Amino acid sequence: MSTTTTEPGAATPGPKTNRIGLTMIEYKGGKTTLCAGCGHNAISERIVEAMYEMGVEPEFVIKPSGIGCSSKTPAYFLSRSHSFNAVHGRMPSVATGAVLANRKLVCIGVSGDGDTASIGIGQFMHLMRRNLPIIYIIEDNGVYGLTKGQFSATADLGSKLKTGVLNDLPPIDTCALAVQLGATFVGRSFSGDKRQLSAMLKAAIAHKGTVMLDVVSPCVTFNDHEGSTKSYKYVKEHEEVLQEVSFVPAFEDINVEYDAGTTIDVTMHDGSHLQLRKLEEDYDPTDKVRAITRLTEAHDKGEVLTGVFYVNTKAPNFIEMLNMTDQPLATLPESVTRPRKEALEAAMEELR
Amino acid sequence: MATTDVVPHGAGGELGRPRIVNDMSIQVATVNGSGSQSSNTVLLRAIFQMGVPVSGKNMFPSNIAGLPTWYTIRANKKGYIGRKKEIDFLVAMNPETAHDDVKSLAPGASVLYDEPLALHKLRDDLVFYSVPYDKIVATVCPEAKLRKLVKNMVYVGVVAQLLTIDMGEVEKAIRKQFAKKVKAANLNLAAAQAGFEYAKANLEKRGAFYIERMNETAGKIIIDGNSAAALGCMFAGCTVVTWYPITPSSSLVETLIEYMKEYRIGPDGKATFAIVQAEDELAAVGMVIGAGWAGARSMTATAGPGISLMSEFSGLAYYVEVPGVIWDIQRVGPSTGLPTRTSQGDILSTAFLSHGDTKHIMLIPSSVSECFSMATDAFNLAEQFQTLVFVMSDLDLGMNNWMSDPFEYPTTPIKRGKVLSKEDLDRLGGFARYKDVDGDGIGYRTLPGTPHPAAAYFARGSGHNEKAQYSERADDFERNMERLNRKFETARSFVPRPEITKGKNAKIGLIGYGTSHWGITESLDQLREEYGMEVDYLRLRAYPFTREVHEFVEQHERVYMVEQNRDAQMLSLLKLDVKPELITRLRSIAHITGLPLDARSITDELTSMEGK
């Protein structure tokens with residue numbers, strides 16, 4: 001018997017799989033119907049990669065969204081996950097209800113700047129206060145795309161519409177609000193910054209509290225012209241990166257070595273590590289006041305500041321605050337959810 | 001005999017009338033925030049403990065302290081526990097309203113008043129009793145700052161003496177009221193006793209009203225509708241409750257929180273529920289819908305303004321087909337309206353709540369026991385029909401005290417509707433979320449977290465086809481809307497059926513619902529006894545209307561819909577539903593005062609419309 005003979009039927013190496021044996025394809029969604037070059041499509045791709053690399057079971061992910069271009073995107077990633085395209089500006093409440101019903105779900109909510117900062121600002125602010133386990137992504141382009149290009153409330157002062165109209169109102173900084181109100185992981189990224197956004201998304205998946213990521217995502221049709229402060233060109237020219245963000249998942253058996261003098265290491269809830277290599281000497285992402293000051297400075301200087309502004313892995317999340325049982329409420333059996341006859345009799349006795 | 005006691009002119013002592021036993025309405029007029037609620041509850045319970053059927057209705061202002069408030073206790077040997085129009089015994093504690101209160105009484109009524117008010121000067125056809133409350137309370141309550149609260153317990157003792165209510169029962173009721181505060185119980189008991197002794201020594205009974213022992217309340221309970229609903233929801237297996245405080249619904253959730261803490265904490269010390277106070281009604285219903293979509297038995301409680309705010313989301317739930325239960329404790333609208341008064345004014349807007357072609361299931365409890373039992377019905381229907389179910393209670397039912405038989409433990413199992421499991425999907429290979437597989441208009445759904453690659457679907461408020469895919473196609477849209485209609489038609493056979501009371505060959509039918517029931521049943525007796533009229537009665541318990549409602553209209557020449565709103569809202573719904581030739585049979589008896597509907601108003605209106 002010749003040792004050189006190739007065994008018949010030997011499998012050609014199959015497609016690459018992640019730690020739970022799924023291929024990248026199994027995290028994909030439907031074909032996008034957004035404009036070619038839209039920043040949102042890049043964000044969808046990063047979400048697919050992050051979920052794949054983290055080995056999240058897609059059946060346990062939910063993708064609530066509001067209304068607008070951004071809110072359509074859950075159709076373009078994770079087809080094996082449940083989606084809920086709800087009403088305008090009200091995704092936070094729908095997401096909250098779903099997470100209460102099933103605490104085992106990984107919730108990635110997608111919103112836009114109009115959906116969040118205008119019609120949905122109330123629900124957004126109260127969501128931030130609760131520290132619900134959710135990844136809240138704002139795909140932020142400064143305009144209402146689906147209604148053809150009106151300003152949103154994140155448009156910068158002096159930014160110009162295609163029609164020449166200048167924005168004369170100050171922008172709402174969703175990151176500063178999120179930090180102030182109680183979100184426990186707050187950052188800003190850029191749809192064009194593949195490496196940074198990827199690391200932030202993976203850290204977000206590892207975080208068990210409210211993650212608020214404002215991702216500047218240019219609208220190629222209505223807000224990518226000269227005079228816009230949310231264009232690809234403007235963001236590239238004005239981006240100030242606060243830290244180099246990298247992420248080491250818990251399941252990767254790599255020694256986490258870093259220089260404490262130049263890098264801040266944050267141990268996440270699941271034991272993974274978020275590493276922030278300092279580009280600004282004195283920046284401390286556990287200091288709320290500093291975060292808000294730095295964001296205010298960035299506005300004054302016309303910078304597009306990106307990075308992890310604030311992280312707090314110690315605060316209790318909403319599920320813990322509610323002292324909820326470990327099993328999902330959704331599937332508790334009648335023997336648990338309907339007290340016994342004696343309970344009713346006791347209640348009746350008190351009313352006699 | 002006290003010199004201020006005034007004997008009415010004419011007939012002398014008891015106006016020549018016979019003793020009136022166990023049939024009276026006692027009204028206590030006080031100032032909001034003065035602690036009178038405890039005193040009134042004690043009075044109510046003492047009569048109840050004597051075996052006399054009783055009900056208590058609080059007419060309070062939208063205010064925390066300082067504005068006038070009235071509490072009416074009706075004792076009735078025949079078991080009528082609806083509001084009685086006339087007041088027989090007034091306890092006048094509020095200087096601000098005392099004159100008007102006294103002027104509105106019918107001749108022969110009794111008035112118990114605080115001495116300095118000198119109300120006896122106002123009329124000479126009433127029985128007046130005067131009590132120097134401040135002097136009496138000073139003797140039993142050394143602490144001056146507590147006197148304002150304890151003062152109200154003094155009238156309990158006086159009333160007990162004048163109406164022959166057993167002081168032993170008063171003591172028992174006080175001990176129950178202050179169960180956890182022995183000192184407060186003793187202080188209040190002393191005040192009641194001091195009132196009793198004062199009355200015994202100084203007041204000569206002139207009025208005709210007496211409470212005597214009966215045996216009509218044994219084993220019964222006293223509870224308000226909101227507490228009954230709270231208990232019902234707990235036993236219905238509710239798991240997620242989200243809410244925004246609004247009168248008159250807040251106490252439903254607040255009571256539910258107490259019950260859940262007592263009975264729904266697992267052996268691990270953890271909650272088998274989540275209750276969240278949301279930032280507004282939009283968020284409250286959004287959370288209900290998110291939770292219902294993900295598989296919880298979720299609910300909220302609200303009132304008219306909240307219902308208006310929930311409009312957009314309600315359409316989403318209808319169209320995406322998400323279960324949830326919404327309790328509407330109706331109060332008087334439009335707008336802020338009379339937030340502390342009762343109505344049935346949200347019927348029409350709730351039936352069609354939201355834009356586009358939207359229709360909702362409504363359940364309508366009349367009694368505290370239905371508040372309890374309909375909770376299970378509501379959650380089961382919501383999950384079986386994958387839609388919102390509105391339970392249309394009202395302030396009168398929700399916030400007032402009602403006597404009732406104890407609630408029966410639910411025999412209906414918790415029904416979760418058409419939900420596909422992993423095993424089902426293994427067998428089927430996949431599913432189409434909005435496909436009418438069974439011909440009843442109800443599709444099959446999956447819950448997030450079902451570990452099967454084909455489990456997920458895309459829930460969306462935008463146009464969709466059977467597979468829940470985005471679609472703007474005309475045929476997809478039409479087919480889906482027709483199916484939703486089919487689902488609503490199916491619901492007709494599943495919602496609670498009406499309760500029908502029939503006499504012999506009555507030509508006139510009366511339809512009512514909710515708390516109107518109590519005035520109606522008493523009115524039916526009045527119509528028979530005073531006018532010799534036989535009237536059949538159908539009590540609606542749900543929308544959409546069941547077959548029996550149409551039959552009832554067909555069987556009667558004239559059908560009156562009794563309701564507590566201006567625009568005959570339920571009648572309007574019925575007109576949309578019955579055959580066109582039957583519409584002319586339908587007429588309206590509407591009542592919009594904000595006060596619970598009383599029998600006399602119905603009797604007067606009906607007899608006048610019938611030309612009697």
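Predicted model: local features only at pLDDT ≥ 70, side-chain atom pairs only at ≥ 80, totals over all residues.
**Figure 1. Chain B as a whole.** The fold is built from 20 helices and 24 strands. Its radius of gyration is 27 Å, close to the 25 Å that the globule rule gives for 612 residues, so chain B is as compact as a globular protein of that length. The C-alpha trace spans about 90 × 65 × 40 Å along its principal axes. Of the 612 residues, 55% count as buried. Take the contacts with a separation of 6 or more: 76% of them come from residues 24 or more positions apart.

**Figure 2. The cis bond at Pro248(B).** Going from Thr247(B) to Pro248(B), the peptide bond is cis, with omega near 5°. Pro248(B) sits in the loop that links β10 (240-243) to α8 (250-263).

**Figure 3. The cis bond at Pro544(B).** Here Tyr543(B) and Pro544(B) are joined by a cis peptide bond, and omega is about 10°. Look for Pro544(B) in the loop between β22 (542-543) and α18 (547-555).

**Figure 4. Positive phi at Asn22(B).** Asn22(B) isn't a glycine, yet its phi is positive, about 55°. The residue is in the loop between β1 (20-21) and β2 (23-31). Asn22(B) counts as buried because it has 22 C-beta neighbours inside 10 Å, and the cut-off is 20 or more.

**Figure 5. Positive phi at Ser354(B).** Another residue other than glycine, Ser354(B) has a positive phi near 105°. Its loop runs between α12 (347-351) and β15 (361-363). With 20 C-beta neighbours inside 10 Å, Ser354(B) counts as buried.

Key. Residues numbered from 1 in each chain as written. Chains lettered and ligands numbered in written order. Helix = DSSP H or I, 4+ residues; strand = E, 2+ residues; numbered from the N terminus. Rg over C-alpha atoms; globule rule 2.2 N^0.38 Å. Buried ≥ 20, exposed ≤ 12 C-beta atoms within 10 Å, placed from the backbone. Contact = placed C-beta atoms within 7 Å.
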